[in-house]
Amino acid sequence: MKKKKTVKDLALSVKKVFIRVDFNVPLDENQNITDDARIRAALPTIKYVVEQGGIPILGSHLGRPKEGPDPKLSLKPAAERLQELLPDASVKFVSDCIGSEGQEKVSSLQKNDILLLENIRFHYKEETKNHKDFAKALAENGADLYVNDAFGTSHRAHASTYGLATHFPENARAVGLLMDKEVEYLGKAISSPEHPYVAILGGAKISGKIDVIQNLGKLVDKLIIGGGMAYTF
């Protein structure tokens, strides 16, 4: 099996690195983050890039804004929380994930800067349908390297998780530290699980999870289903 390439295999010094993170965090009615676990989970990769002299350009989705930009689903609170978690860095934010504003901000980034792009799903159809022009526009932000650290969304062939990666040569793309950890853990849980083995599945949508349930059913001693899926069962 071909060994997966991680961010540690890339030459990061003075390189601008697009990192697909998962900042799909819960917000209250006042757009305050109620659980920052997903932001914290991305910190090892972000810190590593900065420590190696690279400049992170972060892209993420938040919610399902199908009708275009929605202030209630802005990633600005995530940028503010990231600044609190990384006080020695300068976290910047741009109001769109594509276009001249972002390109100009990317070109002006310096060492210890981190840029978070606005919610990629403000271009909902383009992102979720993996439109070629949208993936190209994301690439035109000016990153030198591509790192995917968004394990929770990588099963979908979206523009930011699939199409964008094709704009970088093989030696310029890799997985992040969180992704590497998740894949390693999942591999052990599937190939050589310890018993008793209990799996817990949640989420709102059952579509796409039936295959997972059927395969896990052959491995686990107990399967617990929660979240919105529980109503189906």
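## Buried residues

A residue counts as buried when its relative accessible area is under 20%. This model is predicted. In it, Tyr 146 has a relative accessibility of 3%, so Tyr 146 is buried. Phe 18 has a relative accessible area of 2% and is therefore buried by that cut-off.

Tyr 146 belongs to strand β5, which runs over residues 145-148. In a regular strand, side chains alternate between the two faces of the sheet. Strand β5 shows two directions: Leu 145 and Val 147 point one way. Tyr 146 and Asn 148 point the other way. All four of these residues are buried.

Which strands pair with β5? One is β1, residues 16-20. Strands β1 and β5 run in the parallel sense and share four bridges. Here Phe 18 has Tyr 146 as its bridge partner. Another is β6, residues 173-175. Strands β5 and β6 also pair in the parallel sense, over three bridges. In β6, Ala 174 stands opposite Val 147.

## An aromatic cluster

Two numbers describe a pair of aromatic rings: the distance of the centres and the angle of the planes. How many aromatic pairs does the structure hold? There are two. Phe 18 and Tyr 146 form a stacked pair, 5.9 Å centre to centre, with 10 degrees between the planes. This pair links distant parts of the chain. Phe 18 sits in strand β1 and Tyr 146 in strand β5, 128 residues apart.

Tyr 146 also pairs with Phe 168. Phe 168 lies in the loop between α6 (159-163) and β6, 22 residues from Tyr 146. Both Tyr 146 and Phe 168 are buried. Together, Phe 18, Tyr 146 and Phe 168 form one aromatic cluster.

## The largest pocket

Rolling a probe the size of a water molecule over the atoms shows where empty space is left. The largest pocket holds about 1600 Å³ of space. Its lining has 43 residues. Which of them lie nearest the centre of the pocket? They are Phe 151, Gly 152, His 155, Leu 201 and Lys 209.

Several elements each supply at least two lining residues: α1 (37-51), α7 (177-191), β7 (198-201) and α8 (210-217). Helix α7 gives the largest share, eight residues. By type, the lining divides into 18 nonpolar, 13 polar and twelve charged residues.

## Helix α5

Helix α5 covers residues 132-139. Its buried residues include Phe 134, Ala 135, Ala 137, Leu 138 and Ala 139. What covers the buried residues of α5? The cover includes α4 (124-128) and α6.

## Backbone exceptions

Most residues other than glycine have a negative phi, and most peptide bonds are trans. Val 14 has a positive phi, near 55 degrees. Val 14 is in the segment before β1. With 68% relative accessibility, Val 14 counts as exposed, because the cut-off for exposed is over 50%.

Asn 112 has a positive phi too, about 75 degrees. Asn 112 lies in the loop between α3 (100-107) and β4 (113-117). At 34% relative accessibility, Asn 112 is partly exposed. The peptide bond between His 195 and Pro 196 is cis, with omega about 5 degrees. Pro 196 is in the loop between α7 and β7.

Technical notes
Residues are numbered from 1 along each chain as its sequence is written. This is a predicted model: local features need pLDDT of at least 70, side-chain atom pairs count only at pLDDT 80 or more; totals for chains, interfaces and linings use all residues. Side-chain values use heavy atoms; hydrogens and water are left out. Buried means under 20% relative accessible area, exposed over 50%, partly exposed in between (1.4 Å probe, protein chains only). Two strands pair if DSSP finds at least two bridges between them. Rings of Phe, Tyr and Trp (its six-membered ring) pair if their centres lie within 6.5 Å; planes under 30 degrees apart count as stacked, over 60 as edge-to-face and the rest as tilted. On a 1 Å grid over the protein atoms alone, a cavity is a set of points where a 1.4 Å probe fits but cannot get out, and a pocket is an open set with protein on both sides within 12 Å along at least five of seven lines; lining residues have an atom within 4 Å of a point. Grid points are joined across faces, edges and corners, and a volume is the space filled by probe spheres set on the points. Ala, Val, Leu, Ile, Met, Phe, Trp, Tyr, Cys and Pro count as nonpolar, Asp, Glu, Lys and Arg as charged, and the others, Gly among them, as polar. Contact means heavy atoms within 4.5 Å.
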